[in-house]
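Thanks for making time for this.

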Amino acid sequence: MIRLVLVGAAGRMGVAVTQALAGQDSIELKARVDVPQNRTDGPGVWSSDPGSVIAAGDVVIEFSSPEGARTIAGLCAARGAALISGSTGLAPGDEDAIREAARSVAVVRSANFSLGIAVLRRALRSALERLPTGWDIEIVERHHRGKVDSPSGTALALAKEAMAVRGLSESSLRQGRSGRLGTRPANEIGVHAVRGGTWVGDHEVLLAGDGEWLELRHVAQDRGAFAHGAITAARFAASAEPGLYNLEDVLKETR
Ligand code: NAD
């Protein structure tokens, strides 16, 4: 039986994970953690002190905030609990804390736990390896009005994928355009964040050639898409060796 601790339990993703856990064999939602003012009823013990509930052998799923991701990574390493980390908008120091934790426990880190995005990343790599380098790359993402970080972690991950294939650096990223910038440089990757309404997550990669263009697009209609991916990752991490894993590692093992 996997003992699961859910951090950020009262948030949109916390609620989606709790719902997705209903009826799952061999996973017990042991504790739900969130800030005191967001206390909600639900399965498992409620706590606003993660240090009092995370124990050796637990698996922690965290969808909270950059600060939450950093704190929980340190606690998981100290207690010997595996971690599934999904918060986005992390600063380099937060990423360092996650890498450090992965030296002693299994950590699955992804800015997007949906199966479709993992496949989109692979499709993007494949398309860029086959297309002439003259094809322009633009990424457009849409999210709900409550999202606090822009562009999305997934848009940045897609841009990194493209940078790796094209041998480009971070300086190739162009986040939005305004004013007389001149014509589009060949080695630019445009990233554009649209915010509004209740969009759960929509990522479009536009590959534009001369007289033709290609669109690779993923639409998450429901947070259940991320929740199921995170639960699959939790099952993987429960028996994985210490290390830093991504969703592709999980899918390779669980197909
Ligand atoms: P939300 O604001 O609805 O919920 C976040 C919850 O975390 C809140 O209840 C908040 O009180 C709690 N929280 C924040 N910091 C905390 C801390 N230090 N300790 C305990 N609880 C804390 O946000 P959301 O839409 O559920 O998203 C949460 C995070 O997950 C965001 O960073 C979002 O971008 C990311 N996200 C990732 C994926 C993915 O697949 N990786 C998918 C959706 C959202």
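I start with Ser 85, which is found in strand β5. Bear in mind throughout that this is a predicted model. Is Ser 85 buried or exposed? Its relative accessible area is 0%, and the cut-off for buried is under 20%, so Ser 85 counts as buried. Leaving aside neighbours within four places in sequence, Ser 85 is in contact with Glu 62, Ala 69, Ile 98, Val 108, Arg 109, Ser 110 and Phe 113. Several of those names come back later.

Take Phe 113 next. With residues up to four places away in sequence left out, Phe 113 touches Phe 63, Ile 84, Ser 85, Gly 86, Val 108, Ala 225, Phe 226, Gly 229, Ala 230, Ala 233 and Leu 247.

As general background, nonpolar side chains in soluble globular proteins tend to be buried together. Here the largest nonpolar core has 34 residues. Which of its members touch the most other members? They are Leu 4, Val 17, Ile 61, Ile 84, Val 108 and Phe 113. The elements that contribute two or more residues to this core are β1 (2-7), α1 (12-21), β2 (27-33), β4 (59-62), β5 (82-85), β6 (106-109), α6 (224-238) and α7 (247-254). Helix α6 supplies the largest share, 8 residues. Apart from this core lies another one, of 21 residues, and among them are Leu 120, Ile 139, Met 163 and Leu 216.

Asp 202 sits in strand β10, residues 201-208. Its relative accessible area is 4%, so Asp 202 is buried. What is its side chain paired with? The side chains of Asp 202 and Arg 217 are joined by a polar contact of 2.5 Å. Not counting residues up to four places away in sequence, Asp 202 touches Val 140, Glu 141, Arg 142, Arg 217, His 218 and Val 219.

Val 15 is in helix α1. At 38% relative accessibility, Val 15 is partly exposed. Beyond its neighbours within four places in sequence, Val 15 is in contact with Ala 9 and Ala 10. From Val 15 to Thr 40 is 25 residues in sequence, and the C-alpha to C-alpha distance is 10.0 Å. Ser 26 lies in the loop between α1 and β2. Ser 26 is partly exposed as well, with a relative accessible area of 35%.

Two backbone items deserve a check by eye. In general, most residues other than glycine have a negative phi, and most peptide bonds are trans. Phi of Ser 26 is near 60°, a positive value in a residue that is not glycine. Ser 150 and Pro 151 are joined by a cis peptide bond, with omega at about -10°. Pro 151 is in the loop between β7 (136-143) and α5 (153-166).

On to the whole chain. The secondary structure comes to 7 helices and 12 strands. The radius of gyration is 19 Å, close to the 18 Å that the globule rule gives for 255 residues, so the protein is as compact as a globular protein of that length. Along the principal axes, the C-alpha atoms fill a box of roughly 60 × 35 × 35 Å. Of the 255 residues, 49% count as buried. Among contacts with a separation of 6 or more, 66% are between residues 24 or more positions apart. The accessible surface of the protein is about 12500 Å², and 49% of that belongs to carbon and sulfur atoms.

Last, the ligand. There are 24 residues around the ligand, of which Met 13, Asp 34, Ser 65, Thr 88 and Phe 113 come nearest. Which distances to N or O atoms can I quote? The side chain of Asp 34 has an N or O atom 2.5 Å from an oxygen atom of the ligand. For the side chain of Thr 88, the corresponding distance to a ligand oxygen atom is 2.6 Å. On the backbone side, an N or O atom of Ser 110 lies 3.0 Å from a nitrogen atom of the ligand. On its own the ligand has 860 Å² of accessible area, and the protein covers 81% of it.

How values were computed. Residues numbered from 1 in each chain as written. Predicted model: local features only at pLDDT ≥ 70, side-chain atom pairs only at ≥ 80, totals over all residues. Heavy atoms only, no water. Core = buried A, V, L, I, M, F, W, Y, C linked by side-chain atoms within 4.5 Å. Buried < 20%, exposed > 50% of the residue type's maximum accessible area, 1.4 Å probe, protein only. Helix = DSSP H or I, 4+ residues; strand = E, 2+ residues; numbered from the N terminus. Contact = heavy atoms within 4.5 Å. Near = heavy atom within 4 Å. Polar contact = N/O pair within 3.5 Å; in protein donor to acceptor, adjacent residues only side chain to side chain. Areas by Shrake-Rupley, 256 points an atom, 1.4 Å probe, with all protein chains shown as cover. Rg over C-alpha atoms; globule rule 2.2 N^0.38 Å.
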